[in-house]
Amino acid sequence: MANTTNGPPTHAVLIAAVLGITVSYAMLRDWDRFAPRLLAHPTLMALDLLFCAVLLLTASPVSPLAYATVCTPLLSGLLYGWRGAGVLTGLQLAVLLTVHRAWEHRPGAGANTLLIAGFCVAAGIIGVTLRNLMFRFGTATQALAEATSRLAVAEAVESERARLARDLHDSVAKTLHGLALAADALATSADHPTPDPAHLRQQAGLVASAARRAAAESRDLLTDLRRHTDLTAPAPTTDLTAELRSRAADFATRTALPTHVTVTTHTGGEAPPPLPPETTHHLLAITSEALENIHRHAHATRAVVSLTTTPDTLQLTIKDDGVGLPPDLTLEEAQRSGHFGLLGMAERAARTAATLDVRTTPTGTEVRLTLPLPTAESPVTPLTSRQEAAHA
């Protein structure tokens, strides 16, 4: 302001500077509201040209305030592209030419005017370049968001397919296998030269019972599928200890294999701490799968299910006195041979952030699941659908 004379020129510089700063701040603060109006009405940029013209005419091109004029072509390039930047930069250059004629008597006015003109042209080019870069970045961001969305959908589908495969294998598939065996035994007994009616009735009852159990399991699976469609509906809670005892008793009745359940707590309570319904469901499914494997493959005479709770872990162990696992059995080999039970157990353990250890001991086979219990300092959360799909 040293170049202005006292009176109206000084007041004009002050008013133009204050209005320019205030309006610029208001536009930046509410850019979402003002930007569409600027895009729709490019003539509003004439106000910016007016402020810059007042500053140049009253403070001279030698004033540092004169360099604020480069903002007009920069903003026009950002908003309107090459055409808008060309028009407004041309008008700015016309203003500079007028100012130069008004201040050509002042030393250094010509050089400063030429320097400001060069800055205006460069600012317009920079504004257009930034506009193109932002459009390209926006296009790339949109493409990345769409790819991420498609990937998330594919992962969710893969996770749901893995869950359905586990549930079908652990329920309906096993029951149908037992039903087929019972039906084969009934057919063999019926082909006997002197069939025993009482034995036939017993085997027919087994077939009917297996068929009813398959229907019930199918109904439960459909109910669970419908419950999953409403993500806001809370899952029902289950007493882990009571359900373990119930399943062990049902397994012993069905297979005539003595099965014992022991529950030990080292936390001062009489029962394990409450677990999320999904975690309880996975623990019970792993137990059922381990018991069915004992019945089918172990040739065991007894089974033991142990539940041990410590302040920071819950350990579930299923042991038998059978022949043990094949020495070369791995998850990959089990999957290639069509035996998905062990794979499903591993997936369920990973889903609950637990550690699964299946090994052969001198007295048989032991399946041990170690689940970290949540604490106030380090809560344990199940895997996400993306992590589960990656594991599957």
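Visitor: Which residue with a positive phi follows helix 10?

Guide: This is a predicted model. In it, alanine 353 follows helix 10, and its phi is positive, near 60°.

Visitor: How many residues of helix 10 are buried?

Guide: Of the 11 residues of helix 10, 10 are buried, so this helix is largely enclosed by the rest of the structure. The buried residues include Gly341, Leu343, Met345 and Ala350. Charged side chains are also on the list, among them Glu347, Arg348 and Arg351.

Visitor: How many helices and strands does the protein have, and what share of its residues is buried?

Guide: The protein contains 11 helices and 5 strands. Of its 392 residues, 34% count as buried. Among contacts with a separation of 6 or more, 71% join residues 24 or more positions apart.

Visitor: How does one describe two packed helices?

Guide: Two figures are given: the angle between the axes and the distance between them. Here, the axes of helix 2 (residues 31–40) and helix 4 (residues 71–102) come within 10 Å and cross at roughly 80°. Helix 2 is therefore roughly perpendicular to helix 4.

Visitor: Which residues of helix 2 and helix 4 meet?

Guide: From helix 2, Trp31, Leu38 and Leu39 take part, and they meet Leu75, Leu79 and Tyr80 of helix 4. By residue class, this contact between helix 2 and helix 4 has 6 nonpolar residues, no polar and no charged.

Visitor: Where is leucine 74 found, and which residues does it touch?

Guide: Leucine 74 belongs to helix 4. Leaving aside residues up to four places away in sequence, leucine 74 touches Ala123, Gly124, Ile126 and Gly127. The C-alpha atoms of leucine 74 and glycine 127 are separated by 4.6 Å, although these residues are 53 residues apart along the chain. Leucine 74 has a relative accessible area of 29% and is partly exposed.

Visitor: How many residues does the largest nonpolar core have?

Guide: The largest nonpolar core has 28 residues. Those with the most contacts inside it are Leu240, Leu283, Ile294, Leu314, Leu316 and Ile318. At least two residues of this core come from each of helix 7 (240–255), helix 8 (277–298), strand 2 (303–309), strand 3 (313–320), helix 10 (341–351) and strand 5 (364–372). Helix 8 supplies the largest share, 7 residues.

Visitor: What does isoleucine 294 touch?

Guide: Not counting residues up to four places away in sequence, isoleucine 294 touches Leu257, His299, Ala300, Ala303, Ile318, Lys319 and Asp320. There is also a second, separate core of 11 residues, which includes Ala66, Val95, Ile116 and Ala117.

Visitor: How is a pair of aromatic rings described?

Guide: One states the distance of the centres and the angle of the planes. The count for this protein comes to 1 aromatic pair. Tyrosine 67 and phenylalanine 119 form it, at 5.9 Å centre to centre with 55° between the planes, and the pair is tilted. The partners are 52 residues apart: tyrosine 67 lies in the loop between helix 3 (45–59) and helix 4, and phenylalanine 119 in helix 5 (residues 109–190).

Visitor: What is the relative accessibility of tyrosine 67 and of phenylalanine 119?

Guide: Tyrosine 67, at 28%, is partly exposed. Phenylalanine 119, at 39%, also counts as partly exposed.

Terms used
Residues numbered from 1 in each chain as written. Predicted model: local features only at pLDDT ≥ 70, side-chain atom pairs only at ≥ 80, totals over all residues. Heavy atoms only, no water. Axes fitted to C-alpha atoms, helices over the stretch in contact; angles between N-to-C directions. Helix = DSSP H or I, 4+ residues; strand = E, 2+ residues; numbered from the N terminus. Parallel < 35°, antiparallel > 145°, perpendicular 65-115°, else oblique. Contact = heavy atoms within 4.5 Å. Core = buried A, V, L, I, M, F, W, Y, C linked by side-chain atoms within 4.5 Å. Buried < 20%, exposed > 50% of the residue type's maximum accessible area, 1.4 Å probe, protein only. Phe/Tyr/Trp six-rings, centres within 6.5 Å; stacked < 30°, edge-to-face > 60°.
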